[in-house]
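User: Please take a close look at one part of this model for me: the spaces left between the atoms. Then show me what lies around them, in short sentences.

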Amino acid sequence: MTAVARPLPVRRLVAVGGVVQGVGFRPFVHALATELGLSGQVANGPDGARIEIEGGSEAVAAFCHRLTADAPALADIVSVATSELLPTGGTGFAIVPTTTGDGRTLVPPDAATCDACLTELTDPADRRHRHPFITCTDCGPRFTITTAMPYDRATTTMAAFPMCPDCAAEYTDPSDRRFHAQPIACWACGPRLRLTGTVRRTGGAALAEARRMLAAGAIVAVKGIGGYHLVCDAAAPRAVGELRRRKARGDKPFAVMTPDPGTAARLGHLGPAERRLLTGRARPIVLLRRRSPSPLAPQVCPGSPDIGVLLPYTPLHRLLFGLPGDPPGPHILVVTSGNLSGEPLVTDDREGLRRLDGLADAWLWHDRPIAVACDDSVVRVRNDGSTLPIRRSRGFAPARIRLPVAVRPVLAVGGDMKNTLCLAEGDAAWLSAHVGDLNSPSARHAFARAENHLRELTRVEPVRVAADRHPGYRSARWARRDGRPLTLVQHHHAHIASAMAEHQLDEPVLGIAFDGTGYGDDGAVWGGEVLLADYAGYRRLAHLSYVPLPGGDAAVRHPYRMALAHLRAAGVAWSPDLPCVAACPPGELRLLEAQLARGVACVPTSSMGRLFDAVSSLVGVCHRAGYEAQAAVELEAAAVAADGVRNGYAFALEDPAPLLGAVVADLRAGTAVPLIAARFHLAVAGAVRAACRKARRSTGVRTVVLTGGVFANALLDGMCSAGLAEDGFTVLGHTVVPPGDGGLALGQAVVAARVADD
């Protein structure tokens, strides 16, 4: 009998780059190699994962194919490079210690607790029953606990918690789903839960007492994975009203957490896309159209057409709702950021005691540090089922954004409102978590901390800095002091470039940039812009006609001032029967008339956001804004209440006078406010369509991007998108970064890189 020759083994080095640390990639590689009968080793390194694989050529080829095809869900593989090695004849496959050196790998976003961990959490026979920090290779905190790369327990805030023997055994067992799970923990090894305030408890007793206090109407500061939240019973009017008073929240809506999608569906309209977002790994706050009647206290979201809902994304959140057999507690919780309105999220425990004193009745916290603040993300779903980000943070940051153009290392510092930072190099960009408004020293400290953390994780060393052109922006002043070459980017150009970048475009577009405020080339406040733009530059094709912005921020806080300014510019008399005139105190009305006549402190503005404010006050919806865009949000709510409206007012961006005259005529004719609001929204969408058709005739460009904070308005966004598509345009809205100032930094980065290269 002739012996069959066995194929000679091959050995291959496979270097994998991208998000391959903190996602269970090494255990996955180990299991795949073992399944295929291959030997070798895998290690984390400065550039990702380094694999040496040996065996038959067909098995090695299958391994290399399945390495990307079957990768863990949290992985984001950017590159795979292979080279041949000499076979060593070894047996078995091992996970070996992390290698060091120069290079770059990436950390994944935090992921919501997986179903397997939730099953253990609720199982009385499991040793992690009720453990508030249960996690595995498929779920749990990553970004918010990582202090440096490469990713290992020693470079996370879990470094202070030595593994107990049981956890160590799981960590080293290739058959266990916690094999090399860096945040692995249990009751024996921590972290540890505590309740402080009027009472003190630890462990499970701390959680039980916190639930009892919430049921009794208390406000509890709860430490999450990215910061503190203030929590209360969402169905208790007294508790919600007190939280609103203590937090100085005004009428800004609160988000609520429900234990399951079924409860969420009682609060708002929940379609398939909304359900996928609510139950996915990111677990953002999802804006749902409100249902009526509602089990919520009326103070939760007064005046808003939407309710922000999220599901528990940590074991601690799940336990706040109780497990079978627990005493009854709240079924829906208000979960809002732990801070005073306008301040950054609290992450430090000592700072939490100080800054939340007077806001919370008790503190439910733990002893695992938070590496970086990471607020909850906020999204909504468009009519076509696509996702519109409103705030991109926990669950999404710092996921890589692919760029259509290669860029040299650049840091973009965003704007002063809804600040985020962006680091970019090559064909990739990384946005920080939401920093917030830079109007306080603590916010600017959070900005600096986020910049340091993002640089540490990405290892991008920028050679250029990009900032907004506004001379008063604190972010721009920081960039000027930085010392590296600086590129100043026009606000609306950055908005359009951010939308282009996320859609992988590198060609001219028609950009519709509508927002509240942006520094214009002529020193005016822009915000109702039609630009022909690419990364290298832009040309202003059309804009909303200028009106005075009387008193700057005073006009933003008091929409009746914008209404009066628009009426005066349109030649409409300030008659006492108009709601905006009646809302203005008589003394202020006289001063405002003189101010507008003389042009004192009246910078011109083309802002579409301010036109929404004006119409909201003109029809009596909102005269005083306690939070950003309140007047526009409540005008949208009124428009949503009007069903079946098909025709809007006549409106051209260059001349809003006929629009305002028609609104006044409808008011005096007794037309219902919801109908007027709907006609106004249709009018704006019609003006956008007309401006784009005109621009297409002169430029030949057929791609339109919709950007700027005004397009967080789902009703307007849907009207514009549908109408422009009907007119034959390719219409692109934001799906990765917010249309508002939270997306500015991405646009600044690609514009700065292109301008610098030119």
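Analyst: Start with a definition. On a 1 Å grid over the protein atoms alone, a cavity is a set of points where a 1.4 Å probe fits but cannot get out, while a pocket is an open set with protein on both sides within 12 Å along at least five of seven lines; a lining residue has an atom within 4 Å of a point. The model is predicted, so local features need pLDDT of at least 70 and side-chain atom pairs pLDDT 80 or more, while totals for chains, interfaces and linings use all residues. Residues are numbered from 1 along each chain as its sequence is written, and side-chain values use heavy atoms, without hydrogens and water.

Now the cavities. Five of them have 30 Å³ or more. A volume here is the space filled by probe spheres set on the grid points, which are joined across faces, edges and corners.

The largest cavity holds about 140 Å³ of space. Its lining has 17 residues. Nearest the centre of the largest cavity are Pro132, Ile225, Thr314, Pro315 and Arg368. By class, this lining has nine nonpolar, six polar and two charged residues. (Ala, Val, Leu, Ile, Met, Phe, Trp, Tyr, Cys and Pro count as nonpolar; Asp, Glu, Lys and Arg as charged; the others, Gly among them, as polar.)

The second largest cavity has a volume of about 90 Å³. It is lined by 16 residues. Gly22, Val23, Gly24, Tyr151 and His180 lie nearest its centre. Helix α1 (residues 25–35) gives the largest share of this lining, three residues. (Helices, H or I with at least four residues, and strands, E with at least two, are DSSP runs numbered from the N terminus.) The lining of the second largest cavity splits into seven nonpolar, seven polar and two charged residues.

Next, an open space. The second largest pocket has a volume of about 510 Å³. Of its 24 lining residues, Pro109, Arg392, Gly395, Phe396 and Ala399 are the closest to its centre. Strands β16 (387–391) and β17 (400–412) each supply at least two lining residues. The lining of this pocket counts 13 nonpolar, four polar and seven charged residues.

What joins Ala397 to Pro398? A cis peptide bond, with omega near 0°. Another cis bond links Gly190 and Pro191, with omega of about -5°. Pro191 belongs to the loop between α4 (165–171) and β6 (193–197). Most residues other than glycine have a negative phi, and most peptide bonds are trans.

Ala248 lies in the loop between α6 and β10 (255–257). At 54% relative accessibility, Ala248 is exposed. (Buried is under 20% relative accessible area, exposed over 50%, partly exposed in between, with a 1.4 Å probe and protein chains only.) Ala601 also has a positive phi, about 50°. Its place is the loop between α17 (586–598) and β25 (602–605). Ala601 is exposed as well, at 52%.

Step back into α6 (residues 237–247). Its buried residues are Ala239, Val240, Leu243, Arg244, Arg246 and Lys247. β9 (228–233) and β13 (333–337) are among the elements that cover them.

How are other residues packed? Take Ser617 in helix α18 (residues 608–618). Ser617 is buried, with a relative accessible area of 0%. Leaving out residues up to four places away in sequence, Ser617 touches Pro559, Tyr560, Ala563, Pro579, Cys580, Cys622 and His623. (Contact means heavy atoms within 4.5 Å.)

Gly743 is buried too, again at 0%. It lies in the loop between β27 (730–732) and α23 (744–757). Gly743 touches Ser498, Val737 and Pro738, with the neighbours up to four places away not counted. The C-alpha atoms of Gly743 and Leu431 are 8.7 Å apart, although 312 residues separate them along the chain.

Asp482 in helix α12 (residues 474–482) is partly exposed, at 26%. Its C-alpha atom is 8.1 Å from that of Val465, 17 residues away along the chain.

Last, a contact between two helices. Leu635, Glu636, Ala638 and Ala639 in α19 meet Pro674, Ala677, Ala678, Phe680 and His681 in α21. This contact has seven nonpolar, one polar and one charged residues.
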